[in-house]
Amino acid sequence: MDLHELLITPGARLPFRKELSLERLDFPGLLSFRAAPVGEGVIENSADVLTLRGSIRARLHCACDRCAREFDRDVEIPLDVPLATELQDEESPDYFLLEGDDLDLDDLLETSFILDLEPRFLCREDCKGLCPRCGADLNLGPCGCKKEKDPRLAVLEQLLDDRD
Ligand SMILES: [Zn+2]
Ligand SMILES: [Zn+2]
């Protein structure tokens, strides 16, 4: 994306809209995209400082990290990224570096998406997950594993104990 005109025109605004390439967007639990992520917004030259603002929207089809239930989730990732034409001091690492007058919009959008997305998907905040012993969905109620031992397991344990 060539920003030459924008760079030399204080007060200018340049709208953008771009669908993200899905190659780098590979997360555990993310099964597919119901709607591909699209970044949309405007780049503004305000007193010779360039800032990209907008958002990335997508509709994800995910599997819950705890109970494996599949569900859809809409995400909207806000963008507010200062752009810099040259390396700044390390005190302000949050800007995105241009290559000359050129902005790698794909890279900016994909990086923002990857950094901002939750690392694990849960079908709901308080998902209780599956019982590690019997595999029952604990969101549907307790499975009874903790309270009473499976009598067949108790017999097996007894047999193992007896061998000592
Ligand atoms: Zn769940
Ligand atoms: Zn159980």
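**How the terms fit this chain**

Mentor: Of the contacts in the protein chain between residues at least 6 apart in sequence, 58% join residues at least 24 apart. Two residues are in contact if their C-beta atoms, placed from the backbone, lie within 7 Å.

Trainee: What kind of model is this, and how are things numbered?
Mentor: This is a predicted model, in which local features need pLDDT of at least 70 and side-chain atom pairs count only at pLDDT 80 or more, while totals for chains, interfaces and linings use all residues. Residues are numbered from 1 along each chain as its sequence is written, and chains are lettered from A and ligands numbered from 1 in the order in which they are written.

Trainee: How many helices and strands are there in the protein chain?
Mentor: There are three helices and five strands, and along the sequence they follow the pattern α-β-β-β-β-β-α-α. Helices (H or I, at least four residues) and strands (E, at least two) are DSSP runs, numbered from the N terminus.

Trainee: What makes strand 2 and strand 3 a pair?
Mentor: Two strands pair if DSSP finds at least two bridges between them. Strand 2 and strand 3 have 13 bridges, in the antiparallel sense, so they meet the rule. One of the bridges joins V42 to R53 in strand 3. The two strands form a hairpin with two residues between them, and A47 in the turn has a positive phi of about 50°.

Trainee: And which residue is the bridge partner of R53 in strand 4?
Mentor: That is D80. Strand 3 and strand 4 pair in the antiparallel sense over 14 bridges; G54 has L79 as its partner in strand 4, and A58 stands opposite V75. Their hairpin has six residues between the strands, with A68 at a positive phi near 70°.

Trainee: In which sense do strand 4 and strand 5 pair?
Mentor: They pair in the parallel sense, over two bridges. L83 is joined to F96 in strand 5.

Trainee: What is the order of strands in the open sheet?
Mentor: The five strands have the order 1-2-3-4-5, with mixed pairing. Strand 1 and strand 5 stand at the edges with a single partner strand each, so one side of each has no neighbour in the sheet.

Trainee: How do you know that the length of helix 2 agrees with its number of residues?
Mentor: The expected span is 1.5 Å times one less than the number of residues. For the 12 residues of helix 2 (residues 105-116) that should be 16 Å, and the end C-alpha atoms are 16 Å apart, so the two agree.

Trainee: Which residues of helix 2 are called buried?
Mentor: They are L108, L109, E110, S112 and F113. A residue is buried if 20 or more other C-beta atoms lie within 10 Å of its own, exposed if 12 or fewer, and partly exposed in between, with C-beta atoms placed from the backbone. In the protein chain, 13% of the 164 residues are buried.

Trainee: What do the buried residues of helix 2 pack against?
Mentor: They pack against strand 1 (13-19), strand 2 (30-46), strand 3 (49-63), strand 4 (70-84) and strand 5 (96-97).

Trainee: How does the radius of gyration of the protein chain stand against that of a compact globule?
Mentor: The globule rule, 2.2 Å times the number of residues to the power 0.38, goes with a radius taken over C-alpha atoms. A compact globule of 164 residues would come near 15 Å, but this chain has 25 Å. Its C-alpha atoms fill a box of roughly 85 × 35 × 25 Å along the principal axes.
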